[in-house]
Each structure stands twice: as structure tokens, then as C-alpha cells.
Amino acid sequence: MQTEENPSKNKQLIDYQGSRRLSVAPMLDWTDHHYRHMARQISRHTWLYTEMINAGAINHGDAGRFLRFNDGEQPLALQLGGSEPAALAQAAATAAAWGYNEINLNCGCPSPRVQKGAFGACLMNEADLVADCLNAMQDAVAIPVTVKHRIGVDRQSDYQVVADFVGTLSRKTACKTFIVHARNAWLDGLSPKENRDIPPLKYDYVYRLKQEFPQLEIIINGGITTQAQIAGHLAHVDGVMVGREAYHNPMVMRDWDAVFYGDHRPALDHAGLVHILHDYAAGQIAANTGITLRHMARHYLGLMHGLNGARQWRRMLSDAALLKHNDAELILAAWAQVAVKD
Ligand SMILES: Cc1cc2nc3c(=O)[nH]c(=O)nc-3n(C[C@H](O)[C@H](O)[C@H](O)COP(=O)(O)O)c2cc1C
């Protein structure tokens with residue numbers, strides 16, 4: 001059941017003792033609570049992040065609309081965008097009351113819209129301001145406050161840039177967790193999408209951060225898709241954050257609990273998951289809050305990745321005429337088309 005306007009209900013879960021060994025990246029428009037519901041069925045332990053939410057939207061808008069999440073979705077981190085310490089602190093306090101397990105500050109987003117608001121990746125050039133933001137947030141909540149950033153901005157190519165950023169924050173704040181997208185943000189001319197592919201990945205910079213700041217939790221992100229790659233990175237850093245692969249091929253997470261968290265309870269198979277998603281979608285539609293099948297099904301398109309019938313599954317769940325009926329049975333009908341059932 002979805003948690004609506006009842007923040008205190010989740011408060012008891014605040015003390016969740018989990019590990020950020022693996023996480024799914026915050027992704028605007030993608031990692032909403034429907035996606036996260038699905039991801040949580042596939043992995044019990046992987047840390048999940050919301051989309052970036054503007055502190056102002058929480059402080060001045062309908063906080064419940066942005067902060068609600070499903071029972072069982074934790075461990076869950078809220079990612080905030082902003083650069084005003086007081087506004088970020090207020091939003092963080094609201095989110096903590098809702099039961100989030102972590103508040104993360106975005107210092108890596110290259111979108112021009114975000115730059116205009118003077119937050120996101122351009123904050124990497126303003127470590128002192130970021131420190132003020134983190135301190136204000138940490139004073140307002142008892143849960144960890146973390147930061148996600150790049151290794152530099154524009155053509156800065158020196159390791160020292162990211163080392164100074166992390167060094168300043170670790171000296172001036174209580175922040176212990178740094179999630180590092182291992183490429184620069186080029187703010188002068190690349191689109192956000194290009195900024196996720198074109199600036200070169202420099203994993204060695206992130207490894208070096210861990211060597212030079214062994215007391216910090218360093219999490220690596222960027223271009224990581226396979227279990228072998230994850231295992232390789234974990235030999236150098238504390239955690240791995242996966243973005244696009246966990247969205248386009250969610251079943252990549254199926255073995256993560258066993259392999260990376262030592263939890264050998266049987267993983268859910270496709271059939272079991274399909275039935276859970278069907279029941280969830282039916283419940284959401286029946287609740288009559290304006291949520292439609294399309295809102296959920298769009299996140300399910302990559303689920304059959306690699307199976308025969310995957311194309312048919314995707315086609316049916318993105319067919320406007322079929323979705324118009326707003327009937328969760330479509331999920332079962334699409335599943336019937338998938339030839340190889342495990
Ligand atoms: C559609 C989309 C939206 C994104 N939105 C955010 C965001 O809101 N906040 C953020 O810090 N990063 C955002 N990112 C970047 C990811 O968190 C991640 O750093 C990036 O995709 C690199 O990881 P990957 O190669 O595993 O995908 C977004 C990425 C994508 C593809």
C-alpha cells in the first residue's frame with residue numbers, strides 16, 4: 001500500500017541498517033515510486049534514490065506528492081537539488097519526517113535549467129557553499145546527508161579538482177559519503193544526455209579518492225553494467241551505483257542480493273514478478289488517484305530483456321490503444337507473449 005499523507009507511519013523505519021554497497025542512481029523522470037516499487041521486488045538490499053527534487057518544490061508545493069513512497073521501498077534516499085542552505089535544511093527535515101533513510105545533495109547535474117538556478121554540477125566550483133548546505137541539512141536531520149558529484153567541471157582535467165572538493169567537504173562537514181560520477185560535466189555546450197556519455201570516464205580518480213580518504217565512504221558511478229564490472233570496482237571502493245542499466249534491464253539486479261549482500265533467499269523469477277506488478281498496478285488504478293497503467297507500465301518495458309518475446313512485451317505495454325483501457329490485465333496478456341518463461 002502506498003504511503004500517502006502519513007509521514008509518521010514510516011518514521012519507525014528510519015533506523016534501517018543497510019549498506020550502500022550497491023545502489024540505483026537518481027534519474028529524473030525514471031526513478032519515481034513506481035519504478036522503485038519494481039526495483040525493490042528484484043533486490044531487497046540495493047539502496048534506491050529518488051529523482052532529483054527541488055528543495056523549493058517540497059517547501060512550497062505539495063510535499064506529499066514528491067515524497068510519498070511505497071511500503072517496503074526502503075532503504076531509500078531522497079536526492080535534493082538546490083543551493084540555499086535554509087531551504088535545503090527545511091526540505092531535508094520534511095523528508096526525514098517522511099521516513100527517508102538518507103538525503104543526498106545533487107552536485108553533478110549539468111542541465112542548463114539547473115545551472116540557471118546555480119545548483120547541480122556548477123556547485124563543484126563552490127565547495128564552501130556546498131559545505132554550508134550540507135551543514136545546514138545535517139543540523140536539521142538525524143539521517144546521513146550525502147553528496148553526488150562529478151570529477152570536475154568543463155575542461156578541468158586534474159585529479160586535484162575532485163580531491164580538493166572532497167577534501168574541503170570532509171574537513172568542513174560531517175558528510176562521510178561521496179557518490180562520484182567518474183566523468184566531468186561539460187557545462188559549455190553538451191546536452192545532459194551527451195554529458196552522460198561524452199566526457200571520458202576516469203575510474204582511477206575515484207579509486208585514488210578512496211586511497212587518500214580511507215575514512216570516507218566512496219561510491220563509484222558511471223557506465224557500469226555487469227556483475228563482473230561491479231565486483232571489479234568493489235575491490236577499490238565501498239560501493240557501486242548503477243543508473244541506466246538498472247532502468248533498461250532491471251533484472252540485472254536479480255542476483256545482486258546473493259552475490260553482493262550474501263542473502264541467498266531465492267530471487268524472484270519473471271513470472272513471480274509479473275504477478276506482483278499486475279496486483280500493484282491493479283491496486284493503484286483502483287485507488288482512483290489519477291494514476292494510470294501507463295504511469296507504471298512505462299517502467300516495465302525492459303523487464304524481459306534478453307528473453308524471447310521481449311519485443312512483443314515492450315510493444316504491448318507501450319501501445320497507446322491498449323493502454324487506454326487502463327486495465328492491469330494488459331500486463332498478464334503481454335507476459336503470455338513471452339515465449340521463454342523461467
Ligand atoms: C534519464 C536520466 C535522468 C537522470 N537524472 C539525474 C538526477 O535527477 N540526479 C542525478 O544526480 N543524476 C541524474 N542522472 C545521472 C545518473 O544518476 C548517473 O549519474 C548517470 O546516468 C551515470 O550512471 P550510469 O552510466 O550507470 O547510467 C540521470 C541520468 C539519466 C539517464
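**Exercise 1. Find the helix that lies across β6 and β7, and give its angle to β7.**

Solution. Start with helix α9 (residues 203–212): it lies across β6 (177–181) and β7 (217–221). Its direction makes about 175° with β7. Angles here run from 0 to 180 degrees between N-to-C directions, with axes fitted to C-alpha atoms, for helices over the stretch in contact. The element names are DSSP runs numbered from the N terminus: helices are H or I with at least four residues, strands E with at least two.

A word on the model before going on: it is predicted, so local features need pLDDT of at least 70 and side-chain atom pairs pLDDT 80 or more, while totals for chains, interfaces and linings use all residues. Residue numbers start from 1 along each chain as its sequence is written.

**Exercise 2. Work out what kind of sheet β1 to β8 form.**

Solution. Follow the order β1-β2-β3-β4-β5-β6-β7-β8: you get a closed barrel of eight strands with parallel pairing. To count as paired, two strands need at least two DSSP bridges between them. Now zoom in on one pair, β3 (residues 76–81) and β4 (residues 102–107), which run parallel and are joined by four bridges. Leu78 stands opposite Ile103 in β4.

**Exercise 3. Describe how α5 and α7 pack.**

Solution. Two packed helices are described by the angle between their axes and the distance between the axes. For α5 (residues 85–98) and α7 (residues 127–140), the axes come within 8 Å and cross at roughly 35°. Then look at who touches whom, where contact means C-beta atoms, placed from the backbone, within 7 Å. On the α5 side you'll find Pro85, Ala86, Leu88, Ala89, Ala92 and Ala93, and α7 answers with Asp132, Cys133, Ala136, Met137, Asp139 and Ala140.

**Exercise 4. Which residues come nearest to the ligand?**

Solution. Of the 23 residues around the ligand, pick out Ala25, Met27, Met52, Gly243 and Arg244. Being near means a C-beta atom, placed from the backbone, within 6 Å. Finally, sort by element: β2 (47–54) and α11 (244–248) give two or more residues to this shell.

Key. Contact = placed C-beta atoms within 7 Å.
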